[in-house]
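Work through the exercises below with the model open. Each task is followed by a solution in steps.

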Amino acid sequence: MSGSTRPVAKPRPVYLNLIAIRLPFPGFVSFLHRFSGAVMFLVGIPVLLWAVQSSVASPARFDEFKALVAHPLAKLVVLGLVWAYVHHLLAGVRHLALDLHVGTDLKAARHSSTVVFVVALALTAIVGIRLW
Amino acid sequence: MVNLVQKHAVGAHYGLRDWLAQRVTAVVMIGYTLLVAAIVLWHGGLDHATWQAVYANPAFKLATFLFMVALFWHAWVGVRNILMDYVKPVGVRLALQAAVIAALIAYTGWTIQVLWALQ
């Protein structure tokens with residue numbers, strides 16, 4: 001059981017104060033990856049299950065569902081979740097590429113983080129235009 | 001004898017397994033996302049009749065179930081990482097982790113109810 005005990009912990013350079021921390025852009029995109037994941041866990045999953053449940057129930061429930069989602073506030077929530085999904089997916093694909101040692105040098109990593117951020121916003125905007 | 005070693009409330013060897021699970025479940029979800037996007041684009045949007053037809057296909061239901069389970073597993077690894085970073089009191093962290101697990105298991109039950117219309 002040598003793995004279960006360790007020497008007394010030395011002070012480690014942990015710095016996770018979200019308000020004081022200054023992140024470079026890839027770090028900011030990475031933070032958004034985590035943030036969007038948390039949002040989808042807290043809001044996205046129950047909303048998704050509820051949406052699928054009411055949309056397949058019956059034509060009447062489907063129309064009810066559509067009417068509810070047509071409310072401006074609901075559209076805002078949907079748009080927020082769409083952004084969270086798209087950003088999380090694209091940032092995730094970027095992480096997978098980095099895992100495969102694709103685009104790991106500083107310039108490429110900065111560039112790809114910008115691409116993820118902008119494309120996620122652009123796709124969200126397209127969905128927003130279609131929603132309104 | 002004075003015990004100078006400090007025990008940590010962590011396990012061992014799950015790091016690589018979680019890392020791999022996070023990526024495998026991600027690839028599963030990417031595949032499903034592309035499938036749904038292709039279906040929506042193919043039909044040029046979804047009205048209720050089309051959606052019902054797509055949804056009635058047992059293969060689509062199974063794919064949806066696979067996606068949801070991948071999603072819940074992925075959410076567990078991700079949320080646990082967040083809790084490990086930001087919630088330091090062990091008791092609170094364990095309580096929150098237990099709540100997350102309970103929620104995800106409940107969501108799995110809800111998914112089965114929705115997909116196979118159990119009441």
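**Exercise 1.** Classify A:Arg34 as buried, partly exposed or exposed, and describe the salt bridge of its side chain.

*Solution.* The model is predicted.
Step 1. The relative accessible area of A:Arg34 is 26%. Buried requires under 20% and exposed over 50%, so A:Arg34 is partly exposed.
Step 2. Its side chain forms a salt bridge with that of B:Asp85, at 2.8 Å from N to O. This pair runs between chains, joining A:Arg34 in helix 1 of chain A to B:Asp85 in helix 3 (residues 58-86) of chain B.
Step 3. B:Asp85, with 27% relative accessibility, is likewise partly exposed.

**Exercise 2.** Which residue does A:Asp99 meet in a salt bridge, and where do the two partners lie?

*Solution.*
Step 1. The partner of A:Asp99 is B:Arg23, with 2.3 Å from N to O.
Step 2. A:Asp99 belongs to helix 3 of chain A and B:Arg23 to helix 1 (residues 14-43) of chain B, which makes this a pair between chains.
Step 3. Relative accessibility is 27% for A:Asp99 and 22% for B:Arg23. A:Asp99 is partly exposed, and B:Arg23 is also partly exposed.

**Exercise 3.** Describe the salt bridge between B:Asp18 and B:Arg17, and name the network that includes them.

*Solution.*
Step 1. The closest N and O atoms of B:Asp18 and B:Arg17 are 3.9 Å apart. The cut-off is 4 Å, so the pair counts as a salt bridge.
Step 2. B:Asp18 is buried, at 9% relative accessible area, whereas B:Arg17 is exposed, at 56%.
Step 3. Through shared partners, salt bridges link B:Arg17, B:Asp18 and B:Arg80 in one network.
Step 4. Over all chains, the structure has 4 salt bridges.

**Exercise 4.** Which residues of helix 2 of chain A are buried, and why do they line one face of the helix?

*Solution.*
Step 1. Helix 2 of chain A covers residues 59-69, and its buried residues are A:Phe62, A:Phe65 and A:Val69.
Step 2. Viewed down the helix axis, these buried residues lie within an arc of 60°, so they line one face. In general, an α-helix has 3.6 residues a turn, so residues three or four places apart point the same way.
Step 3. On the face turned away from the buried side are the exposed residues A:Ala60, A:Glu64 and A:Ala67.
Step 4. The buried residues pack against helix 1 (25-57) and helix 3 (72-99) of chain A, and against helix 2 (48-56) of chain B.

Methods:
Residues are numbered from 1 along each chain as its sequence is written. Chains are lettered from A and ligands numbered from 1 in the order in which they are written. This is a predicted model: local features need pLDDT of at least 70, side-chain atom pairs count only at pLDDT 80 or more; totals for chains, interfaces and linings use all residues. Side-chain values use heavy atoms; hydrogens and water are left out. Buried means under 20% relative accessible area, exposed over 50%, partly exposed in between (1.4 Å probe, protein chains only). Helices (H or I, at least four residues) and strands (E, at least two) are DSSP runs, numbered from the N terminus. The arc is that of the directions from the helix axis to the C-beta atoms. Contact means heavy atoms within 4.5 Å.
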